[in-house]
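Hello,

Here is the structure I promised to pass on. Please have it open while you read, and my notes follow below.

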Amino acid sequence: MERVEPRARSDAYGSRINRSHSPILANIVPWVSIVLGSLLPVFVVAAALPLIPPLGYMMLLGWRLVRPGLLAVWVGLPLGLIDDLYSGQPFGFAIFMWSVTMIAIEAIEMRMPWRNFWQDWFTACIAILVYLLAGWLLSGGEPTVRSLIAIVPQLVLSLLLFPAIARLTAALDRLRLSRWKRV
């Protein structure tokens, strides 16, 4: 009788047996990506006009809209606190706006649980518009028509960049849920 060799572990299913998600990676990737989004504009050269989008806020929106239920509603407070330390806005602005955003998106999704890409993009556009206008009004500068026109490039760049942020969030979510071999 001929001896049959066991199947190689590189087949379609054998390589996935005995693997699970890394709990550290699953819990820390969203938080770290949002904090890095808040810190990234610090490293860009300062300009006379605001051009860099609020990347931390956009990452928060990305995680909330791409993976609803992953982040609790209260995360606006600690993540907004970190953003407040680096954004240059008055202290408490990001804490308030991020918390209100999380509560508003939660309320919208309770009423309309169905979603698609266009609805998520529209929601993000409204949230980014309100965030930038509130930042413009509460920044301590004089709100003039010229200063309003000055934030238009930042607004347009932010609105056009959100689909890329959503794709980055989806890629980070796949990394977060990737399987690691148990020891």
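Ser38 lies in helix H1; helices (H or I, at least four residues) and strands (E, at least two) are DSSP runs, numbered from the N terminus. Before going further, please note that this is a predicted model: local features need pLDDT of at least 70, side-chain atom pairs count only at pLDDT 80 or more, and totals for chains, interfaces and linings use all residues. Residues are numbered from 1 along each chain as its sequence is written, and side-chain values use heavy atoms, with hydrogens and water left out.

Is Ser38 buried or exposed? Ser38 is buried, because its relative accessible area is 5% (buried means under 20% relative accessible area, exposed over 50%, partly exposed in between, with a 1.4 Å probe and protein chains only). Apart from neighbours within four places in sequence, Ser38 is in contact with Gly56, Asp83, Tyr86 and Trp98 (contact means heavy atoms within 4.5 Å).

**Confidence and overall layout**

The average pLDDT of the chain is 86, and 86% of the residues score at least 70; pLDDT is the predictor's confidence in each residue, from 0 to 100. Helix H2 (residues 55–66) has the highest confidence, at 95, while strand E2 (residues 179–181) has the lowest, at a mean of 59.

The chain has seven helices and two strands, in the order β-α-α-α-α-α-α-α-β along the sequence. Of its 183 residues, 37% count as buried. Among contacts between residues at least 6 apart in sequence, 74% join residues at least 24 apart.

**The core**

The largest nonpolar core holds 31 residues, and Ile34, Leu60, Leu61, Trp98, Ile128, Tyr131 and Phe162 touch the most other members. Such a core is a set of buried Ala, Val, Leu, Ile, Met, Phe, Trp, Tyr and Cys residues joined through side-chain atoms within 4.5 Å. H1 (23–39), H2, H4 (93–111), H5 (117–138) and H7 (152–176) each supply at least two of its residues, and H2 gives the largest share, eight residues. Beyond its neighbours within four places in sequence, Tyr131 is in contact with Pro54, Tyr57, Asp83, Phe93, Ala94, Met97 and Trp98.

**Pockets and a cavity**

On a 1 Å grid over the protein atoms alone, a cavity is a set of points where a 1.4 Å probe fits but cannot get out, and a pocket is an open set with protein on both sides within 12 Å along at least five of seven lines; lining residues have an atom within 4 Å of a point.

The largest pocket contains about 870 Å³ of space. Of its 33 lining residues, Pro50, Ile52, Ser87, Gln89 and Gln154 are the closest to its centre. H5 gives the largest share of this lining, four residues.

The second largest pocket contains about 200 Å³. Of its 13 lining residues, Thr101, Ala104, Thr123, Ile126 and Ala127 are the closest to its centre, and the elements that give two or more residues to this lining are H4 and H5.

Best wishes

Technical notes. Grid points are joined across faces, edges and corners, and a volume is the space filled by probe spheres set on the points.
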